[in-house]
Each structure stands twice: as C-alpha cells, then as structure tokens.
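These are my notebook entries on one protein chain. I looked up its fold order, its strand pairing, its aromatic contacts and its nonpolar cores.

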Amino acid sequence: MAARLKVFTWSDGFHAHTVATTSRTKALKAWGVNRDLFKDAIAREITAGADYDRAMAEPGVVIERGESIDRGKITALRLPPKTAKTTARKPQAPKGPDPDDVRRVERLKDDLASLEKAHGQERDELDASIGALEKKRRDLERDYARKRTGLKRKLAEAERRLR
C-alpha cells in the first residue's frame with residue numbers, strides 16, 4: 001500500500017514553499033534544506049488552500065508562491081530529472097591558505113612582538129624610576145630622622161636649663 005501524500009509548507013518571508021510528499025524528511029529534501037524547519041516551527045503541514053491544491057496536482061514538485069516579492073505569483077520549481085548514471089567528480093586538492101591572509105597573520109605577529117618589546121622597555125624604565133624614587137625617599141626619611149633626633153635632644157637640653 002502506497003503511503004498517503006501530505007502537503008507541507010514553509011515561508012522565508014519572501015516566498016511560500018509548498019510540496020506534496022509522504023513525509024517531513026522528504027519535504028525538507030525537496031526544499032533543499034538541511035535544518036529541521038518543523039522542529040523550529042517554521043514549516044508545517046497544511047490541509048487546504050490554493051497551494052495545497054497545486055501541490056497535490058504535482059506531487060514532489062516544490063510550489064513557490066510570492067508573498068512580498070512577486071506577490072501572488074505561483075511557480076512550480078522543476079527539479080532536474082534523475083539519471084541512472086552518476087558522473088564521478090574528481091576530488092579537488094585542498095586549497096591552501098590565501099596569501100593575503102598569511103601576510104596579514106605574519107604582520108599581526110610582528111605587531112604583537114613589537115608591542116611586547118615596547119611594553120617591556122617602558123616597564124623597565126618605570127621600574128628604574130621607581131627604584132630611584134624609593135632611594136630618594138629612604139634618604140629623605142634618614143635625613144629627617146637624624147635632624148629630628150638632633151632637634152629633640154637640643155630641645156630637651158634647653159628645657160632642662162629652664163628648670
């Protein structure tokens with residue numbers, strides 16, 4: 001017993017694509033779609049209408065009706081007939097990377113190396129400046145402590161004389 005025909009449709013916003021076939025899988029194949037449009041609720045089964053009637057008149061043929069382009073125009077998209085012979089295609093050798101892309105990668109690597117070198121030099125200069133400032137601060141604190149100690153000793157001696 002032959003499977004019962006069903007009519008499936010989906011829209012890309014420009015055209016409605018409708019086909020009469022026995023399964024969702026065959027509908028997706030007729031539309032040339034690899035994604036499950038039924039799972040995403042983009043495609044659905046229909047049971048009436050002009051697209052339904054046209055698809056049932058030509059099972060397996062995708063019917064395309066214009067929605068926002070060629071509004072109302074209905075076209076049957078004929079697939080090329082299947083041939084018993086299939087021509088074997090010679091496998092193409094893998095294409096290498098684009099020379100422009102290779103140059104761009106090399107240029108970016110050079111830019112990165114230059115940036116890292118400049119950053120290292122600036123950091124070394126800052127470290128040297130920080131070292132010099134830390135030495136200056138140590139010298140300042142040492143001189144302050146020495147002078148303060150001397151002044152405190154003189155103050156204590158002067159206060160002792162007042163008594």
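**Entry 1. Order of elements**

I read the pattern β-β-α-β-α-β-β-α along the sequence of the protein chain. The chain has three helices and five strands; I took helices (H or I, at least four residues) and strands (E, at least two) as DSSP runs, numbered from the N terminus. The model is predicted, so I noted the limits: local features need pLDDT of at least 70, side-chain atom pairs count only at pLDDT 80 or more, and totals for chains, interfaces and linings use all residues. Residues are numbered from 1 along each chain as its sequence is written, and side-chain values use heavy atoms, with hydrogens and water left out.

**Entry 2. Totals for the chain**

I recorded an accessible surface of about 14000 Å² for the protein chain, 54% of which belongs to carbon and sulfur atoms; accessible areas come from the Shrake-Rupley method with a 1.4 Å probe, and for residues only the protein chains shown count as cover. Of the 163 residues, 18% are buried. Here buried means under 20% relative accessible area, exposed over 50%, and partly exposed in between (1.4 Å probe, protein chains only). I also looked up contacts (heavy atoms within 4.5 Å). Among those between residues at least 6 apart in sequence, 44% join residues at least 24 apart.

**Entry 3. Pairing of β1**

Which strands pair with β1 in the antiparallel sense? Strand β1 (residues 6-11) pairs with strand β2 (residues 15-21) over six bridges, and with strand β3 (residues 43-46) over four bridges. Two strands pair if DSSP finds at least two bridges between them. I noted Lys 6 opposite Thr 21 in β2, and Trp 10 opposite Ala 43 in β3. The hairpin of β1 and β2 has three residues between the strands, and Gly 13 there takes a positive phi near 95°.

**Entry 4. Leu 5, ahead of β1**

Leu 5 lies in the segment before β1. It counts as partly exposed, at 27% relative accessibility. Leaving aside neighbours within four places in sequence, I found Leu 5 in contact with Ala 20, Thr 21, Thr 22, Met 56 and Pro 59. The C-alpha atoms of Leu 5 and Gly 60 are separated by 9.6 Å, although these residues are 55 residues apart along the chain.

**Entry 5. Aromatic pairs**

I searched the whole structure and found three aromatic pairs. Rings of Phe, Tyr and Trp (its six-membered ring) pair if their centres lie within 6.5 Å; planes under 30 degrees apart count as stacked, over 60 as edge-to-face and the rest as tilted. Phe 8 and Phe 38 form an edge-to-face pair, with 5.3 Å centre to centre and 80° between the planes. This pair links distant parts of the chain, 30 residues apart: Phe 8 is in strand β1, and Phe 38 is in the loop between α1 (24-31) and β3. Phe 8 is buried at 2% relative accessibility, and Phe 38 is buried at 8%. Phe 8, Trp 10, Trp 31 and Phe 38 form one aromatic cluster.

**Entry 6. Nonpolar cores**

A nonpolar core is a set of buried Ala, Val, Leu, Ile, Met, Phe, Trp, Tyr and Cys residues joined through side-chain atoms within 4.5 Å. The largest has eleven residues: Phe 8, Trp 10, Val 19, Ala 27, Leu 28, Trp 31, Val 33, Leu 37, Phe 38, Ala 43 and Val 62. The largest share of this core, three residues, comes from α1. Apart from it lies another core, of six residues, including Val 7, Ala 20, Val 61 and Ile 63. I then looked up Leu 37, which touches Trp 10, Leu 28, Trp 31, Ile 42 and Ala 43, not counting residues up to four places away in sequence.

**Entry 7. The faces of α1**

Which residues of α1 are buried? They are Ala 27, Leu 28 and Trp 31. Seen down the axis of α1, these buried residues fall within an arc of 100°, so they line one face of the helix; the arc is that of the directions from the helix axis to the C-beta atoms. Thr 25 and Lys 29, on the other side of α1, are exposed. The cover over the buried residues of α1 includes β1, β2, β3 and β4 (62-66).

Ala 41 has a positive phi of about 60° although it is not a glycine. I placed Ala 41 in the loop between α1 and β3, where it counts as exposed at 66% relative accessibility.
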